[in-house]
Amino acid sequence: LQQTNPDYLIFLNLFRDQLDRYGEVDTIAKKWQSSFVKLNPRTTLILNADDPQIAYLSKGTKAKVYFFGLPKTNQAKQISHGADTTHCPKCSHKLDFETVFFSHLGIWHCSNCGLKRPKPTLSKLSSYPLPGTYNKYNSLAASLFAKTEGIRMEVIEKTNKNFTPAFGRQEKIVYHG
């Protein structure tokens with residue numbers, strides 16, 4: 001950020017397995033947080049509200065911030081044993097999860113300091129071009145980016161419906177009928 005100031009930064013999630021050579025989840029989040037303070041108001045952040053570490057990146061920045069996240073459902077309320085973010089990024093108290101979508105992604109809040117999942121700007125699409133929870137997050141992030149660029153939701157929804165994956169990805173193969 002000392003050499004450039006991006007127009008957009010989009011952050012989907014932060015998982016330990018993505019960081020094999022780059023550090024620890026909390027350390028990386030703190031470094032990102034301190035760099036976001038340097039962003040100017042022309043930058044737009046698109047952040048996953050369901051990931052506590054990612055949502056907290058919005059604190060202290062001058063950048064415009066928009067959130068995406070999945071809608072409340074009757075998912076499991078218990079956070080998984082191997083979840084990467086179980087404590088509040090602000091006060092380090094154990095987080096409470098109302099709904100868990102995957103690992104530590106869900107509807108969360110801290111009963112100690114009051115930090116909670118921000119209200120998503122976008123949380124549902126009429127259709128998702130690819131199956132799976134990860135792909136729902138990817139679609140929400142991409143759609144929110146398009147929306148902030150002034151593309152109408154009708155166009156975004158039509159594009160999602162007409163999407164076909166690249167050859168070799170998410171293919172459906174019919175064998176013997």
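Here is a walk through this structure, from a pair of strands to a helix and the rings around it.

The model is predicted, so to speak of local features takes a pLDDT of at least 70, side-chain atom pairs count only at pLDDT 80 or more, and totals for chains, interfaces and linings use all residues. Residues are numbered from 1 along each chain as its sequence is written, and side-chain values use heavy atoms, with hydrogens and water left out.

Let's start with strand 4 (residues 96-102) and strand 5, which run antiparallel and are joined by five bridges. Strands (E, at least two residues) and helices (H or I, at least four) are DSSP runs numbered from the N terminus, and two strands pair if DSSP finds at least two bridges between them. Aspartate 96 stands opposite histidine 109 in strand 5. The hairpin has two residues between the strands, and serine 103 takes a positive phi there, near 50°. Four of the five residues of strand 5 (residues 105-109) are buried, so the rest of the structure largely encloses this strand. Buried means under 20% relative accessible area, exposed over 50%, and partly exposed in between (1.4 Å probe, protein chains only).

Next comes helix 3, with 16 residues. From first C-alpha to last it reaches 23 Å, close to the 22 Å expected at 1.5 Å a residue; that expected span is 1.5 Å times one less than the number of residues. Its buried residues include Asn135, Leu140 and Leu144. What do they pack against? The buried residues of helix 3 pack against strand 1 (8-11), strand 2 (44-48), strand 3, strand 4, strand 5 and helix 4 (153-162), where contact means heavy atoms within 4.5 Å. After the helix comes glycine 150, with a positive phi near 95°.

Now for the rings: the structure holds five aromatic pairs. Rings of Phe, Tyr and Trp (its six-membered ring) pair if their centres lie within 6.5 Å; planes under 30 degrees apart count as stacked, over 60 as edge-to-face and the rest as tilted. Tyrosine 8 and phenylalanine 145 form an edge-to-face pair, 4.7 Å centre to centre with 80° between the planes. This pair links strand 1 and helix 3, 137 residues apart. Phenylalanine 68 and tyrosine 137 are also edge-to-face, at 6.4 Å and 65°. Phenylalanine 68 lies in strand 3 and tyrosine 137 in helix 3, so the pair ties together parts 69 residues apart in sequence. Phenylalanine 68 is buried at 0% relative accessibility, and tyrosine 137 is buried at 2%.
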